[in-house]
Amino acid sequence: MSTEQQIVENAVLAYLKLSTNQNLATDHDALEPKSEQDAIIDALEHIGNLFFKNAAKLRRTQNLEHSPLCNLPQELLVEILLLSIDWCWWNVEKLRTLASVSTIWRDTIISCNRFWSVMDIAAGEEARRITMKRNQGGAMDLWLWGTFSLSGLKSFMSDVGSIHRTRLRSVLYEHGWNTGEFMEYLQNESSNVIDLFLGDFRGNRMAASLDIASDGPNLRHVDTRGMGLPWHSPRFTNLHTISLTDFKYHIPQITDLYAILSSSPELERFCMINIGPSEDESLESPPAFVRPIHLPQLKTLAFSHVATGIGQGILPLIRASSCRTVVIDGDRDFVVALEPQEATTQLIAKAMVLSNFLEVGAGVEEDDGACIWIRSEPTIDNNWACWARDRPGVNVKLAVPSAEDIPRLWEYLGNALRIHGGATGIDSIEVEWAGQIIPFPFTLLEHCPALTSLRFNDNAGTTLYPLIQFLGRNGLKGSVINSESHFPLPKLGSLSLSGQMIPNLEACVSGTKELLERRYPALREGVVSGDAQVLKHLYLPSPLVDALQQGGVATSFNMEEIQAL
């Protein structure tokens, strides 16, 4: 008999037994009890509910027997379950789903008020009633966002009014034309709030500003989008995250930002995006001499389309070597170029180590002069800061006073990469020199043992030959044929070299021939060398391809596979 059949049979028997007992308990003067056939028909009408009820009970029993989590102390189980919840999309129904896994999970979730902390206007009156019932003395998070009716807002404010100010922990608030009552409530009752997620998306000429109480605990997470705050408040100390987006008004002054960052050594996320003062706003000049800002815990640094004065006043002072995501970009009016110094390479090294793809370029910009940009594929999550999951990577521009400073920059970068273990996870690199005679970043290649694709476009053509020499260098200095490959980039499967001009064509032809013969030698009996099996695509400038095909090259690589660019 199958498990489903057993469940059905047990459910029917249990129902019939209940019905029989109920019938026996009837008075003798009552109507005759139902026949067995009627009882079976009655049971079949309810068989669906009984089946699902018993199936859920069996599932909970099986989960209890097989889940090691159920054997943990309740304190640990609470922490694990709290971490499993996507609080950004919290609702009562998802808690119910989680509670249906097992009886222990259900009892834990119902009994712990930490699972019932969100007072959400979008959840409805019934969900808020359940929340207040389960959490009668714990911390509360107030969410007023999205679209709602006036009656819904009135009901929400009534529920909020029943919460004592000492229980307020965080606020998610999108300011609107009809939310003035809630704004006034926050200004009077925010002395215990530690997390602020604020937005003013009305597009008005003058954005709102929330004057929170100056007395109270230090703030922990601050994410505000267009809504001002009293930036000089002593509560902006020991922050974990601060994110400012879409500001034209109420922009913090550089001295306020410096004070906030300097007093927050545990800061993990610092983002400023689309920060440009209006004609009515003015920013002070950066201070001349200040101490560096040390942020050893910083994981994300984003400056995108930020007023130049803020960027120049704050970015050069930041010292952080644990950044996983670094984005400093913008258009012509906002972009800030970093100095090519040791502190800069330490800032971006960790983000480079965690990247899979890297683009390095050099060029001359009209106002900024020569510069080098380093990009991978970072992503700044647009979610509220507390729940954001940024993708590691780097996107920065480095100002280059002269070409003589570039070798020192590559040296700084190599030292910074060695601090993080040396080997990166980069498997694809694209390098492009736009008409500049710039040394190639060989130090970077030495830290990319997993590299499978390398594309280099040198318009001037002067750096092609040094790169060809580098790729053909054998670390053993012994026999050309060796059982183990000691050439750089052993996993290289695609190599593309191009240039509008090749001033040293003869040297490049000789170097490429030597590269193919040393790294991919022709072996006897038709055996192909290991490196030749790895290399699948080879792209070279047309003059170089023509010269190689005219002369014999003793290599196991198929010369017909070389593509001309």
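The buried residues of helix H4 (residues 74–84) are Leu 77, Val 78, Leu 81 and Leu 82, where buried means under 20% relative accessible area, exposed over 50%, and partly exposed in between, with a 1.4 Å probe and protein chains only. Seen down the axis of H4, these buried residues fall within an arc of 130 degrees, so they line one face of the helix; the arc is that of the directions from the helix axis to the C-beta atoms. The model is a predicted one, in which local features need pLDDT of at least 70 and side-chain atom pairs count only at pLDDT 80 or more, while totals for chains, interfaces and linings use all residues. Residues are numbered from 1 along each chain as its sequence is written, and side-chain values use heavy atoms, with hydrogens and water left out. Helices (H or I, at least four residues) and strands (E, at least two) are DSSP runs, numbered from the N terminus.

The cover over the buried residues of H4 includes helix H5 (92–99) and helix H6 (103–111), contact being heavy atoms within 4.5 Å. On the other side of H4, Glu 75 and Leu 83 are exposed. Ile 80, also in H4, is partly exposed, with a relative accessible area of 33%. Together with Leu 72 and Leu 76, Ile 80 makes a nonpolar surface patch of about 220 Å². Patches are made of residues with over 30% relative accessible area and no salt bridge; like charges are joined within 9 Å, and nonpolar side chains (Val, Leu, Ile, Met, Phe, Trp, Tyr) within 5 Å. Accessible areas come from the Shrake-Rupley method with a 1.4 Å probe, and for residues only the protein chains shown count as cover.

Strand E2 (residues 140–144) has five of its five residues buried, so it is largely enclosed by the rest of the structure. Met 140, Leu 142 and Leu 144 lie on one side, and Asp 141 and Trp 143 on the other. Strand E1 (residues 118–120) pairs with E2 in the parallel sense over three bridges; two strands pair if DSSP finds at least two bridges between them. Asp 120 has Trp 143 in E2 as its bridge partner. Thr 131, in helix H7 (residues 125–134), is buried at 0% relative accessibility. The contacts of Thr 131, not counting residues up to four places away in sequence, include Met 140 and Val 118.

A salt bridge is a side-chain nitrogen of Lys or Arg within 4 Å of a carboxyl oxygen of Asp or Glu, and the count by this rule is 12. In one of them, the side chains of Asp 390 and Arg 269 meet at 2.8 Å, N to O. Asp 390 is in the loop between E13 and E14 and Arg 269 is in strand E7 (residues 269–275), 121 residues apart. Both residues are buried, Asp 390 with a relative accessible area of 19%.

Strand E15 (residues 428–433) and strand E16 (residues 453–458) run parallel and are joined by six bridges. Arg 455 also forms a salt bridge with Glu 430, the closest N and O atoms being 3.3 Å apart. Arg 455 lies in E16 and Glu 430 in E15, so the pair ties together parts that are 25 residues apart in sequence. Arg 455 is partly exposed at 29% relative accessibility, and Glu 430 is partly exposed at 26%. E16 also pairs with strand E17 (residues 494–498) in the parallel sense over five bridges.
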